[in-house]
Amino acid sequence: MKLTYKKHFTLAPIIRDSLKITGGFLGFILLFEIIVNLLFPYPQDPQNTNPGTLPLYFDYGKSIEGKVKRQLGTSNKNSAPIAQAGWFNSENWQKQPNKPQTKQDKLVAIYGMSFTNDVAKSIKKINPRITIRRIDGPTAPPNHSFAAYSLDRKNHDADVVIWGILASSVQGMNAMSGMTWNAEFPAPFTFPKYYLKQGDLKAIWPSIDSLESLRLAKQNETKWQAFVNQLESNDKFYYAFSFVQNFFDNSAIVRMIRRAWTQNDKNQKLNQIHSSEGFNQQWEGIAVLNKMVKQFADTAKADGKVPIVLVINNVGYDEHLFEAIQPTLSKESIPYISTHEIVPASDMSNFIADGHFTPEANQKIAEEVLELIEKQE
């Protein structure tokens with residue numbers, strides 16, 4: 001008689017192996033978190049503008065609230081430079097000349113961003129008899145620079161006012177702050193959201209309008225929440241997942257996930273505004289932008305000043321911005337310079353590594369601006 005043995009199935013080895021794998025995976029995550037946070041911490045000094053490549057990389061996904069809080073010192077002297085930039089009626093405005101340097105000089109007020117600053121410097125270099133008044137913001141969208149021009153109209157005796165519009169910043173018309181539409185490098189300055197009502201230009205002004213009011217709001221939960229609610233209602237780039245600070249700011253892995261998720265959300269929103277074919281003509285921002293252009297020219301002329309629209313077509317935008325506002329420029333006979341006619345965005349030799357124009361390109365643009373100014377006299 002042959003004896004047989006019945007094998008009994010048991011889950012114990014499977015459970016044991018699963019626990020080992022899970023434990024190993026969690027151990028790896030813990031080790032990764034420790035290594036990243038210990039070896040590559042982001043500097044806490046708000047004025048440290050050179051954190052290093054890896055600390056910067058692992059900080060990209062930190063919440064916007066967390067980044068802004070880190071930028072704020074108790075005063076301007078110990079706050080991050082980016083936290084101080086772009087605010088309306090800031091100390092920088094008071095430092096700008098409001099009259100020509102001499103009676104023989106001409107005062108030119110220029111509104112925009114770093115691109116317009118570069119052009120302004122080239123204008124001054126070519127013609128030292130030009131006095132420059134510069135009002136700008138980091139990658140400032142049209143709603144920021146238009147509002148800056150409107151607020152600054154009575155503060156100077158400029159002969160010429162130039163409004164620089166950057167193609168890649170046009171999407172920022174859907175925002176109310178540099179915080180929301182540039183989550184990786186949030187600049188906390190704020191600006192109004194414009195819209196059309198029965199053909200008239202209207203503005204929703206942010207409840208926080210200065211660096212000092214931002215500091216106060218960060219110390220007052222009611223004021224801060226009111227501002228966040230305003231962004232949630234009016235700023236189409238507001239995304240709670242990337243904006244709100246929480247415990248997960250401490251996790252390198254969550255920060256990486258948050259960054260990827262935030263980029264995807266932003267890209268989806270940008271694709272509704274602009275494509276390789278140009279700006280979406282159905283996007284409400286196009287009508288608003290054209291109304292701004294007309295109102296800029298009308299008010300400047302009413303003030304006895306020469307208006308010039310500087311259309312800046314940067315990498316990836318060909319002449320799309322010019323095409324979007326050309327009908328208004330032509331119909332209203334508004335003096336303009338479009339960079340696509342001088343330094344085409346399709347020619348990469350016109351740009352440096354960070355996407356700005358080369359010094360040579362800026363000089364060409366400045367020469368065209370000066371020639372246009374002379375024609376208006």
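Visitor: How many helices and strands does the protein chain have?

Guide: Helices (H or I, at least four residues) and strands (E, at least two) are DSSP runs, numbered from the N terminus. The protein chain has 14 helices and 9 strands. This is a predicted model, in which local features need pLDDT of at least 70 and side-chain atom pairs count only at pLDDT 80 or more, while totals for chains, interfaces and linings use all residues. Residues are numbered from 1 along each chain as its sequence is written, and side-chain values use heavy atoms, with hydrogens and water left out.

Visitor: What does the C-alpha trace span along its principal axes?

Guide: The span is about 120 × 45 × 45 Å.

Visitor: How many of the residues count as buried?

Guide: Buried means under 20% relative accessible area, exposed over 50%, and partly exposed in between (1.4 Å probe, protein chains only). Of the 377 residues of the protein chain, 48% count as buried.

Visitor: Which residues have the most contacts inside the largest nonpolar core?

Guide: In soluble globular proteins, nonpolar side chains tend to be buried together. A nonpolar core is a set of buried Ala, Val, Leu, Ile, Met, Phe, Trp, Tyr and Cys residues joined through side-chain atoms within 4.5 Å. Here the largest has 65 residues, and those with the most contacts inside it are Ile 165, Leu 214, Trp 224, Leu 289, Met 292, Val 309 and Ile 325. Helix α12 (residues 284-302) gives the most to this core, with 8 residues. Another core, of 29 residues, lies apart from it and has Ile 110, Phe 115, Ala 120 and Leu 372 among them.

Visitor: Which residues does Ile 165 touch?

Guide: Contact means heavy atoms within 4.5 Å. Not counting residues up to four places away in sequence, Ile 165 touches several residues, including Leu 289, Val 309 and Ile 325.

Visitor: What covers the buried residues of α13?

Guide: The buried residues of helix α13 (residues 320-331) include His 320, Phe 322 and Ile 325. Their cover includes β3 (160-166), β6 (274-275), β7 (278-279), α12, β8 and β9 (336-338).

Visitor: Where is Ser 333 placed, and is Ser 333 buried or exposed?

Guide: Ser 333 sits in the loop between α13 and β9. Its relative accessible area is 57%, so Ser 333 is exposed. Ser 333 has a positive phi of about 55 degrees although it is not a glycine. Asp 318, in the loop between β8 and α13, also has a positive phi, near 45 degrees. At 33% relative accessibility, Asp 318 counts as partly exposed.

Visitor: How many aromatic pairs are found in the whole structure?

Guide: Rings of Phe, Tyr and Trp (its six-membered ring) pair if their centres lie within 6.5 Å; planes under 30 degrees apart count as stacked, over 60 as edge-to-face and the rest as tilted. A search of the whole structure finds 23 such pairs. The rings of Trp 224 and Phe 243 have centres 6.2 Å apart and planes at 15 degrees, so this pair is stacked. Trp 224 lies in helix α9 (residues 221-234) and Phe 243 in helix α10 (residues 240-243), so the pair ties together parts that are 19 residues apart in sequence. Both Trp 224 and Phe 243 are buried.

Visitor: Which residues do ring pairs link into a cluster?

Guide: The cluster is made of Tyr 111, Phe 146, Tyr 149, Trp 163, Tyr 194 and Phe 296.
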